[in-house]
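The sequence and model come next.

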Amino acid sequence: RACDVMSVWLRNFQSKILFNEYLLKLHSVFLLHALGVGRFGVSVVCVDEKEIRELNRAYRNEDSSTDVLSFPYHENLVPGELPTPERDCDYNLGDIILGTPIIAQQCVQDGVSLEHRLPVIVTHGLCHLLGYRHGTKTEHTKMFMREQSVLTAFNTTFGTRLRPLTDVH
């Protein structure tokens with residue numbers, strides 16, 4: 001079939017920052033399941049600083065680099081409600097674009113490893129794909145709590161002590 005149940009597609013279009021791509025994909029699959037959307041697919045795309053800045057300018061009208069951008073496949077989702085696909089092809093959450101050099105800079109500033117920060121960033125991006133926002137205090141609290149519950153499951157499974165991005169920055 002052309003539209004099978006999806007998974008994680010990882011593309012690394014930057015070469016400046018080296019990381020374990022297999023581990024990022026494994027962690028991303030786990031995070032999908034922890035969010036209750038394991039049947040859905042997502043694209044995780046790693047880009048350089050120039051590309052993330054261009055995307056940020058084009059889609060958010062912000063002329064600056066950023067760590068993560070999310071482009072949802074399903075629009076107007078209410079946080080906590082799952083998409084309701086009409087066809088197999090709709091089992092897609094969207095795209096998460098990682099500004100890998102920006103994330104690496106944050107890691108140096110915060111004294112954490114890239115392998116520990118990437119799952120936090122992907123969790124944040126996945127929550128955005130599922131309708132969560134952090135523009136108001138109420139939205140921030142909902143998103144923080146969702147990220148916290150997912151990362152608690154992650155921490156239990158992988159023996160880490162990761163905290164939500166909405167708590168870090």
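Buried means under 20% relative accessible area, exposed over 50%, and partly exposed in between, with a 1.4 Å probe and protein chains only. Tyr 91 has 14%, so Tyr 91 counts as buried. The model is predicted: local features need pLDDT of at least 70, side-chain atom pairs need 80 or more, and totals for chains, interfaces and linings use all residues. Numbering runs from 1 along each chain as its sequence is written, and side-chain values use heavy atoms, without hydrogens and water.

**Aromatic pairs**

Rings of Phe, Tyr and Trp (its six-membered ring) pair if their centres lie within 6.5 Å; planes under 30 degrees apart are stacked, over 60 edge-to-face, the rest tilted. The count is 5 aromatic pairs. Two of them are listed here.

| Pair | Centre to centre | Between planes | Type |
|---|---|---|---|
| Phe 30 and Phe 154 | 5.8 Å | 75° | edge-to-face |
| Phe 40 and Tyr 91 | 5.0 Å | 45° | tilted |

Phe 30 sits in helix α1 and Phe 154 in helix α5 (residues 137–158), 124 residues apart. Helices are DSSP runs (H or I, at least four residues), strands likewise (E, at least two), numbered from the N terminus. Phe 154 is buried at 1%. Phe 30, at 21%, is partly exposed. Ring pairs join Phe 30, Phe 154 and Phe 158 into a cluster.

Phe 40 lies in the loop between α1 and β2 (41–47). Tyr 91 lies in the loop between β3 (68–72) and β4 (92–99), 51 residues from Phe 40. Phe 40 is buried at 6%.
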